[in-house]
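Please keep the sequence and the 3D view side by side while you read.

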Amino acid sequence: MKKYLAEMVGTMVLVLMGCGVAVSLGCDPVNNIPAVVGTSVAFGLAVVAMAYTIGGISGCHINPAITLGCFLTGRISAKDCGMYMLFQVIGAFIGSALLYALTSSADGSIAGTGANDLQLGVSAIGGLLAEIVFTCVFVLVVLGATSKTNGATNNFAGLAIGLSLVLVHLVCIRYTGTSVNPARSIAPAVFAGGTALTNLWIFIVGPFIGAALAALIWKCIDTDEA
């Protein structure tokens, strides 16, 4: 149970800090590029911080897509896979609720939940493709950075994963606001409603497909699988 609770806390921090910075800075991929950079860094730093906080307890997935990738590569059991995902979503709702409470108590100059949605000019197919591709890249980094074949470099896995998430956000925010994490999308969308909720399927289906592709790629290139 402790590792499930660790996943809940870690995901709560990720959503509160990452989405919180997006809201506080007014992240707009067209008109506010500095906020895009700030939001990208915030999500990456949140992952780094949690990796070195709960990594030794649960592995710090804090993302159902990562959990799926680990399950498909045989690193965790089906039971842990399901329980991790459940507690990640619960943690995301706690983080979103805290952020919603903070923004609701403001004078109106601060508003939002940091929910993912398709950006201007991006179709549903384009958004789905972006989430598949960038989740695949991100989960592949996670699988590689935490692999036992990397030996001593595992000590820097949290940093590598956090930096890769920064990179993914810098590219993908313009298209979908960057999810690559179903839990991170589900909770804010429920609070935001509207098109964020209508398009939520993209941010669930896309990351899961991307994670499955990453697991397949890793199985093909991992020397332990040879």
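Y4 is buried, with a relative accessible area of 6%, where buried means under 20% relative accessible area, exposed means over 50%, and partly exposed lies in between (1.4 Å probe, protein chains only). The model is predicted, so that local features need pLDDT of at least 70 and side-chain atom pairs count only at pLDDT 80 or more, while totals for chains, interfaces and linings use all residues. Residues are numbered from 1 along each chain as its sequence is written, and side-chain values use heavy atoms, with hydrogens and water left out.

**How the rings pair**
- Rings of Phe, Tyr and Trp (its six-membered ring) pair if their centres lie within 6.5 Å, and planes under 30 degrees apart count as stacked, over 60 as edge-to-face and the rest as tilted.
- By this rule the count comes to 4 aromatic pairs.

**Y4 and F87**
- The ring centres of Y4 and F87 are 5.8 Å apart and their planes meet at 25°, so this pair is stacked.
- Because Y4 lies in helix α1 (residues 2-25) and F87 in helix α4 (residues 78-104), the pair ties together parts that are 83 residues apart in sequence; helices here are DSSP runs of H or I with at least four residues, numbered from the N terminus.
- F87 is buried too, with a relative accessible area of 11%.
- Y4, Y84 and F87 form one aromatic cluster.

**Y100 and F191**
- Y100 and F191 form a tilted aromatic pair, with 5.3 Å centre to centre and 35° between the planes.
- This pair links distant parts of the chain, since Y100 is in helix α4 and F191 in helix α7 (residues 182-192), 91 residues apart.
- Y100 counts as partly exposed at 40% relative accessibility, and F191 counts as partly exposed at 29%.

Methods: Helices (H or I, at least four residues) and strands (E, at least two) are DSSP runs, numbered from the N terminus.
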